[in-house]
Amino acid sequence: MMDAGRGSPGTAAAPAGAAPAGAAPAPEPVADERLANIGLGARLMRRPEVGSLLGALVICAFFWVTTEAFGTLSGIANWTDVASTLGIMAVAVALLMIGGEFDLSAGVMTGTTGLLMGLLTTEWGLSMWPAIALTFGFAAAVGFVNGYIVVKTKLPSFIVTLATFFVLQGINLGVTKAITGTVRVSGLGAVPGYDSAANLLSSTFSSYNFRISVIWWIAITALATWVLARTRFGNWIFAVGGDANASRNVGVPVARVKVALFMTTSTCAALVGIMIALRLSSVQAGQGIGEEFTYIIAAVVGGCLLTGGYGSAIGASLGALIVGMAFIGIQFSGWNTDWRFLFLGVILLLAVLVNNLVRHRAEGARR
Amino acid sequence: MTATAEPSPLLEVRGVSKYFGNVIALKDISLAVAPGEVTCVLGDNGAGKSSFIKILSGVHQHDEGEVLVEGDPVRFKSPRDARERGIATVFQDLATVPLMSVWRNFFLGSEPTVGKGPLRRIDVGFAQQTMREEMRKMGIDVRDPDQPVGTLSGGERQAVSIARAVYFGAKVLILDEPTSALGVKQSGVVLRYVVQARERGLGVIFITHNPHHAYPVGDRFVILNRGKLMGDWRRGAIDRDELVKKMSGGAELDQLTHELERQLEAPEAR
């Protein structure tokens, strides 16, 4: 379903069995005997999302066989729903990670934006669409601040966005309690414009209740894949994450690219936050907390390196799909859903090990 | 290549000095680079080579003297500024992104595009083909344009940077210690690229601390020592041994040899 785009840039490992590059000074172009080594198999194996594709197939097959509900259309609607909002964020987080940065505030941001939209409409009387526009604007501003601080101070984004995370968490609880007297904002369903907004962002289609967010997820994955593979900006994302100094030396606007990536992440968080708020017609003050790690896990499972410069949007989406399938599969199997954390830990470790191998092969023959 | 009539200089430096606080990094340096000529700047660590390149490439500004490009006095504000005037610098290990493919590295920062508005996209076919052609001119057959630069050898990676600079219209190529991290064989490969760039009419400034690498390719040799110009010879005016000697500060080397000999003899005397 998601192999819409051809992937990210050449990120290959040396074709297996190639002559060690260092041994070949090759001053004259020779008809190259090494050319034959790049078969279809090798080409496939060098793609960052291969691991996650195999993982997704295995997990899908497992639950399909072991549970009855998993393979039914409403079952599929169920796990694609979980995967969709996760996937939108995983793609944004993957772009940011390829660009060499993290955003730990991405999870809590889905709560902040949902709450903001809720307060704007239910407490301050705005109708739905202006509130949505303001919410996106606010999210972009937070992303800008995150990015600006990271770029200006050169501090690790890990720490900067951890601070943002706690600031937003405090605001979410504090402001919500101060205004509503409870820890939730509710009553969004009665706001003018709710129906059209919900239609676009949180409705279901077909009699099996597939979520519209699945369409958004696929569209965003396709767009991100295209950006990474075919646009200058995409090229710069890989470059700033791979080697910011080298990028600067050839004229890539490193700071602008990074700030834009932070803004993309927070804007996607707003999209997801709004989707969830519209779906439930209310928002909990604790919404989204802890999710940021799930996004990062999905991106890493999809082949993103923690060190930046390598990864794919399709991979991150497949990572989100794996998480979604596992969460629902565990539920369908009748196991305690707490086991999903164990599962997340295990796939994260596996993915990091595989990625490490890939990286060594890709950077391999340096001499 | 070693023309008797002196060609007009592409890049000229007249009496340039650079101070960092009360440290004199460079004092009264003069140098000229002509098209189709390799000027080797030699010097030991701390001789002022890096400060010198940084002025030429626009990272630092000079405090005294003049830098002229094709006769016009200039003051580069940034590396980009210098590049626009045709001065391209290949920094030793800061030139390519290892995990990105060869063609993406080649065009990084100046990607060719087709289409308009939101459909504007990289012209991948053109980029790959051009990269292949340009690399072929340097004598490298890139077997797979999607191959990451990290899998190339050190010499080949330098070649990507050099080919890129040449393709984007560099008139003067500044190579910062291109051979220092390489083995003997790979160094030879890079020296060949230096000669190739010269033969294509570029002025090359080759910075190195290794006179054995400078001697075979240089048309002109300049030695820096403690921020000052120690000498400027045309090819033929100096032989290899003399260059080595001059570079290591002649008298100092003799002194060192003498001291070492004494030290080696000393234990036996005991």
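# A guided tour of chains A and B

Begin by selecting helix α4 (residues 106-123) and helix α12 (residues 291-301) of chain A, which pack at an angle of about 130° with their axes 5 Å apart. Axes here are lines fitted to C-alpha atoms, for helices over the stretch in contact, and angles run from 0 to 180 degrees between N-to-C directions. Helices (H or I, at least four residues) and strands (E, at least two) are DSSP runs, numbered from the N terminus. The two helices α4(A) and α12(A) are therefore oblique to each other; angles under 35 degrees count as roughly parallel, over 145 as roughly antiparallel, 65 to 115 as roughly perpendicular and the rest as oblique. Two residues are in contact if their C-beta atoms, placed from the backbone, lie within 7 Å. By class, this contact of α4(A) with α12(A) has 2 nonpolar, 2 polar and 2 charged residues. In that scheme Ala, Val, Leu, Ile, Met, Phe, Trp, Tyr, Cys and Pro count as nonpolar, Asp, Glu, Lys and Arg as charged, and the others, Gly among them, as polar.

The model is predicted: local features need pLDDT of at least 70, side-chain atom pairs count only at pLDDT 80 or more, and totals for chains, interfaces and linings use all residues. Residues are numbered from 1 along each chain as its sequence is written, while chains are lettered from A and ligands numbered from 1 in the order in which they are written.

**Chain A as a whole**

The mean for chain A is 86, and 86% of its residues reach 70 or more. Over residues 1-36 of chain A, however, the pLDDT is below 50, although this stretch has 91 contacts in the model beyond near neighbours in sequence. Where pLDDT is low, the predicted coordinates should not be read in detail.

Chain A contains 14 helices and 4 strands. Of its 367 residues, 52% count as buried. A residue is buried if 20 or more other C-beta atoms lie within 10 Å of its own, exposed if 12 or fewer, and partly exposed in between, with C-beta atoms placed from the backbone.

Return to helix α4 of chain A and select A:Met109. A:Met109 counts as buried, with 34 C-beta neighbours inside 10 Å. Leaving aside neighbours within four places in sequence, its contacts include A:Ala139, A:Val142, A:Leu168 and A:Gly288. The C-alpha atoms of A:Met109 and A:Val142 are separated by 9.0 Å, and the two residues are 33 apart along the chain.

Next, select A:Phe165 in helix α6 (residues 157-180) of chain A. A:Phe165 counts as partly exposed, with 19 C-beta neighbours inside 10 Å. Residues up to four places away in sequence not counted, A:Phe165 touches A:Leu104, A:Ser105 and A:Val108.

Move on to A:Trp217, in helix α8 (residues 212-230) of chain A. A:Trp217 is buried, with 28 other C-beta atoms within 10 Å. Its contacts, apart from neighbours within four places in sequence, are A:Ser84, A:Gly87 and A:Ile88.

**Helix α9 and its surroundings**

Select helix α9 (residues 232-242) of chain A, which is mostly covered: 9 of its 11 residues are buried. Among them are A:Trp236, A:Ile237, A:Phe238 and A:Val240. The buried residues of α9(A) pack against α3 (73-98), α8, α10 (244-249) and α11 (254-280) of chain A, together with α3 (102-107) and β8 (121-122) of chain B.

**Strands of chain B**

Finish in chain B with strand β1 (residues 11-20) and strand β2 (residues 23-33), which pair in the antiparallel sense over 7 bridges. Two strands pair if DSSP finds at least two bridges between them. B:Glu12 stands opposite B:Ala32 in β2(B). The strands β1(B) and β2(B) form a hairpin with 2 residues between them, and B:Gly21 in the turn has a positive phi of about 60°.

Definitions and conventions: pLDDT is the predictor's confidence in each residue, from 0 to 100.
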